[in-house]
Amino acid sequence: MKKTYKIEVDCANCANKMEEAANKTNGVKNAVVNFMTQKMIVEFEEGYEAKKVMEEVYNACKKVESDCEIEF
Amino acid sequence: MQEIIVKLLLIVVILIALGLLITKKNDMNKHQRKMLIRILIASSILLVLQFISIATFDILDDYLFVSSGRILRFALYFTDYLIIGHDILKKAFKGIMNRQIFDENFLMAIATVGAMAIAIYSNGDYVEAIAVMLFYQIGEWFQSYAVGKSRKNISELMDIRPDYANIEVDGKIEKVDPDEISVGSIIVVQPGEKVPIDGIVVEGDSTLDTSALTGESLPREVKVDDNIISGCINMSGLLKIKTTKEFGESTVSKILDLVENASSKKSKSEQFISKFARVYTPAVCYSALALAIIPPLVRLLIMGVDAQWGIWIYRALTFLVISCPCALVISIPLSFFAGIGGASNEGILIKGSNYLETLSKVKTIVFDKTGTLTKGVFEVDGIHHNKLEDEKILEFAALAESASSHPISKSLQRAYGKEIDRTRVSNIQEISGNGVIAFVDNHKVAVGNDKLMRSLNIAYINCHSIGTIIHIAIDDEYAGHIVISDILKPNTKKAIASLKNAGITNTVMLTGDTKKVADKVASDLGITKVFSELLPEDKVNKVEELLKVEGKDKLAFVGDGINDAPVLSRADIGIAMGAMGSDAAIEAADVVLMDDDPLKISKAIKISKKCLRIVYQNIVFAIAIKLICLILGAFGEVNMYVAIFADVGVMILAVLNAIRCLFVKNL
């Protein structure tokens, strides 16, 4: 399952860090952060609930970049 | 130095104050505005503090206790430092807590706190730490503003999304969300409005501006029963359209999806930069640490001279200031995004940054002939060896072929030009791959190729001119033949020449047509290699053979996307043209040309080359400046001011350079 989320992040390097953090989160098969369109495209592993995984992704991103937002 | 700083601060204060006054509310987001005000306050305070000398502060000592002037001076400067840098300090602290040590916040925090500490120790120059933080923040602000602005511009450029659809309810027009319209509904498009959903015209005629989709400025005319594609702008008349697709499946939604997701497919250069940034920042940090510790220890222990800790720590701090990788990390994706945006404005959809990159490395282009180089529409070139007049021959041929939908039959009917009276035709017998036998006005008419003539035992005359030959026999007697040929698109020849200009060394044509026809077309156009009389599956094999020879250079295949999907996906880059309204083509190809002008191929390649050139310029320029500064910094030739200007300046130049990718109109 693939879902796209709107994000808010100010610098490109931070976007890269968010992508890295999201990819390390449990239940995420693959995550791509598109800084230019301010979007995060997340592919979930099977058997995981998107909403719960996204909460963890959000926390992980907050850790690497406190200034980011993810709408989910 | 003092004077330069005062002047610089003055300029900054004036510019920002003006900027805040002039700009409209929605020019900046909340965060940017707040930041700008902070920069303004901090630089004003710093400016005022420049006019109060240490001696002035020291007067205070006479009234209060000893060194109270020194403490007050520190307090004022420190407050200013906190105003401009508190968020950086906070982020750096959080980073350390979360074990995300090596980021630019950390670098800036260490560098400025270090400079601050040196200044406290010597009651010296606090300005350096604050100025570095200040200019770093200005750089960050500029980056955020420039990127936000260009992102907005590019999105606007690509914004062909219709906001509403009109439906008629009780004679009144009502605006509704296009998502709510179901297939088969009737929608109304007024002049000046965008067509929101694909459909068929049921009432009215008009001209359409398709430039947002195709980059083609020539308007297109539509009338009742014509297909109409969403994203076009209705220019003149009122149209009523019966929708054939849902909004989400309509051309405009598909294209937007494609372009928006394009920059998510990362190119090799982008991956390189992410990896580079990951290694680079820690590497610089450790080098700075080494620079602060090793030389003084060497001096102290081995050379036996004074360690000069202060000097080396200062140099290490300068090192940290230079090390921020922002210029690179921001400018590369921005270049690709701008390039893809600019191209889409020209009717060239590139499905990903990676494809843009591959496209710039293409050396061989393989064309499908029919529909790509030629119009795919046959025209009558001549009628030979006939006893009856030309008109009559055409009439018989057109009537006999009236039931067929083959492109050749269609072109014969078009050449005849008059209404076809089907009652004159009877007993139509279609012989696949050969032709047609039918009774027209009670004459037995056979229309077809030499195979048909042979099977009917009719002596036929071969033609010496090049093209597809259609023999005609009336009442089993040879009546002559019609030569038809596919005509080249008007821009084909120019397109091949301009591809050669763009650095394409190898042009190859694949076709199922006869060798004679293929060779003539190729020599007319100046195409280097031809493979003719191919079956569809042969085309894939040929492309695979060519791919083996290619090696490192890339191969692009250009087709009309209708029946060459396998070849499109097999080539390094598949380019589909004339794809407006054809979902299959949009899906199969990596690059989609919305109209069928072959000149767009060379344009796409030129855009990709320009983009990649800018990307490499930025990579080389930014890394070179940083390395030079790092080396000079290690030898103490660069102070912190130069370091911060190098950092911010490189970033600004790189961003401005990246925005150039957007301007591709005149390539």
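**Note on sheets and interface**

1. Chain B contains an open sheet of 3 strands in the order 6-5-8, with antiparallel pairing. Its edge strands, each pairing on one side only, are strand 6 (220-222) and strand 8 (233-234) of chain B. Strands (E, at least two residues) and helices (H or I, at least four residues) are DSSP runs numbered from the N terminus, and two strands pair if DSSP finds at least two bridges between them.

2. The model is predicted: local features need pLDDT of at least 70, side-chain atom pairs count only at pLDDT 80 or more, and totals for chains, interfaces and linings use all residues. Residues are numbered from 1 along each chain as its sequence is written, while chains are lettered from A and ligands numbered from 1 in the order in which they are written.

3. Strand 5 (residues 206-209) of chain B is joined to strand 6 of chain B by 3 bridges in the antiparallel sense. B:Ser206 has B:Val222 in strand 6 of chain B as its bridge partner.

4. Strand 3 (residues 186-189) and strand 9 (residues 239-243) of chain B run antiparallel and share 4 bridges. Opposite B:Val188 stands B:Lys240 of strand 9 of chain B.

5. The contact between the chains takes 14 residues from chain A and 19 residues from chain B, contact requiring C-beta atoms, placed from the backbone, within 7 Å. On the side of chain A that touches chain B, helix 1 (12-24), strand 2 (28-34) and helix 2 (50-64) of chain A each supply at least two residues. Helix 1 of chain A gives the largest share, 3 residues.

How values were computed. Contact = placed C-beta atoms within 7 Å.
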